[in-house]
Amino acid sequence: MAALIAENFRFLSLFFKSKDVMIFNGLVALGTVGSEELFSVVAFHCPCSPARNYIYGLAAIGVPALALFLIGVIWNNHTWNLVAECHKRGTKNFSAAATFLLFGSIMGRAAVAPVTWSVISLLRGEAYICALSEFVKPSSLDKFPAEYGSEVLSRFPCRDVPANLTKFRDEVTRRLRYESQLFGWLLIGIVAVLVFLTKCLKHCCSPLSYRQEAYWAQYRSNEDKLFRRTAEVHSRILAAKNVKHFFGFVALDKEEKELVQEFPVEGVQPSPQWNAITGVYIYRENKGFPLYSRLHKWAKGVEGNGPTPEGHELLFLAS
């Protein structure tokens, strides 16, 4: 069990570090499948009791899906960029289309794990059978004994039934599993159609050519990698200077000594600069030239967040 949990955390780690959307979604789906299998083996036990089956079955599908959705929202960078944007600049510079695009990106990314969980749960069928077995009408079962009612039907998922009801239990289980898997396949089909339409709409509405969009994706990835790497080195050197100022010396290894000598750090960036490069960014052009990020916009000295007479805002959010 510990190995399975560790494996799922490893998948989640790779997932959240990935910059490619398809790899991102694929890893979270794979991790969700593993988690659902683990949950079914060690955690799911139908109570086989009237009124409790329905609540437990729905909770087994819905509660983990809700938790995964919230985790997806929390781990999405767009979420916190939106929070920073609202806190620092408000939403007055966002059009309705831009707001819809942003929320659609956040919700769409966060929905990958809960949809995967729901699909796997429906295809397995245990939770659905547990939830709805007691609602099967006895009259729909040929020659079902009249003295038995919903209380016996609720025990069907646990196989705790009299011997003369075994064939009815098999029939009810087969019928409910068919319904559950049908809903699972329908959900897969609906999601596939929505993904296809969304991709088509994105490429049709994109102001960028295919090559420029690929370049923008490479730029975002490289900028993020270089920014994180440089920030790590900058903070280490600054910390070394402050520790040395306090103690009179600082214990550095060979690599750190080389960094301190090679990259002189005089101070820290003021808060206005951090605020300028933090927040939601929607692709913009200024005088016909693209601005690929908030950092790029700050480096070019372009002021303001919204469109200006000399700038043109294009409603296209980074993936």
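Predicted model: local features only at pLDDT ≥ 70, side-chain atom pairs only at ≥ 80, totals over all residues.
**The big picture**

The protein has 13 helices and three strands. It runs to 319 residues, and 33% of them count as buried. Its exposed surface comes to about 19700 Å², with carbon and sulfur atoms supplying 65% of that area.

Take a look at helix 9, which covers residues 166-205, and helix 10, which covers residues 210-247. Helix 9 has 40 residues and spans 58 Å from its first C-alpha to its last, close to the 58 Å expected at 1.5 Å a residue. Helix 10 has 38 residues and reaches 55 Å, close to the 56 Å expected.

Which residues of helix 9 are tucked away? The buried ones are Phe168, Arg169, Val172, Thr173, Leu176, Ser180 and Gly184. Now look at the spacing of those numbers with one rule in mind. An α-helix has 3.6 residues a turn, so residues three or four places apart point the same way. As for what lies over the buried residues of helix 9, the cover includes helix 6 (112-124) and helix 7 (126-132).

Helix 10 has its own buried set: Glu213, Trp216, Ser221, Glu223, Val233, Ile237, Leu238 and Ala240. Just after helix 10 comes Gly248, which takes a positive phi of about 95 degrees.

**How the helices pack**

Two packed helices are described by the angle between their axes and the distance between the axes.

| Helix pair | Angle between axes | Distance between axes |
|---|---|---|
| Helix 3 and helix 6 | about 160 degrees | 8 Å |
| Helix 6 and helix 9 | roughly 150 degrees | within 7 Å |
| Helix 10 and helix 11 | roughly 95 degrees | within 10 Å |

Let's take helix 3 and helix 6. Helix 3 covers residues 52-74, and its angle to helix 6 is about 160 degrees. Angles over 145 degrees count as roughly antiparallel, so helix 3 and helix 6 get that label. The contact brings together Ala60, Ile61, Pro64, Ala65, Leu68 and Phe69 of helix 3 with Ala113, Pro114, Trp117, Ser118, Ser121 and Leu122 of helix 6. Their crossing is right-handed.

Helix 6 also packs on helix 9, at roughly 150 degrees. That makes helix 6 roughly antiparallel to helix 9. Here the crossing is left-handed. On the helix 6 side, the residues involved include Val115, Val119 and Leu123, while those on the helix 9 side include Ser180, Gly184 and Ile188.

Helix 10 and helix 11 (residues 254-262) cross at roughly 95 degrees, and are therefore roughly perpendicular to each other. Val233, Arg236, Ile237 and Ala240 in helix 10 meet Glu256, Leu259 and Val260 in helix 11.

**Zooming in on Val119**

Leaving out residues up to four places away in sequence, Val119 touches Gly184, Leu187 and Ile188. Val119 and Gly184 are 65 residues apart along the chain, yet their C-alpha atoms are separated by 5.0 Å.

Compare that with Ala59, which sits in helix 3. Ala59 has 30% relative accessibility and counts as partly exposed. Ala59 and Ala127 are 68 residues apart in sequence, with 8.8 Å between their C-alpha atoms.

**Two residues with a positive phi**

Ala51 has a positive phi of about 75 degrees although it is not a glycine. Where is Ala51 found? Ala51 lies in the loop between helix 2 (21-42) and helix 3. At 53% relative accessibility, Ala51 counts as exposed.

Lys287 is not a glycine either, and has a positive phi of about 60 degrees. Lys287 belongs to the loop between strand 1 (282-286) and strand 2 (289-291). Lys287 is exposed, with a relative accessible area of 57%.

Terms used
Residues numbered from 1 in each chain as written. Heavy atoms only, no water. Helix = DSSP H or I, 4+ residues; strand = E, 2+ residues; numbered from the N terminus. Buried < 20%, exposed > 50% of the residue type's maximum accessible area, 1.4 Å probe, protein only. Areas by Shrake-Rupley, 256 points an atom, 1.4 Å probe, with all protein chains shown as cover. Expected span 1.5 Å × (residues − 1). Contact = heavy atoms within 4.5 Å. Axes fitted to C-alpha atoms, helices over the stretch in contact; angles between N-to-C directions. Parallel < 35°, antiparallel > 145°, perpendicular 65-115°, else oblique. Left-handed = near helix turned anticlockwise from the far one by under 90°.
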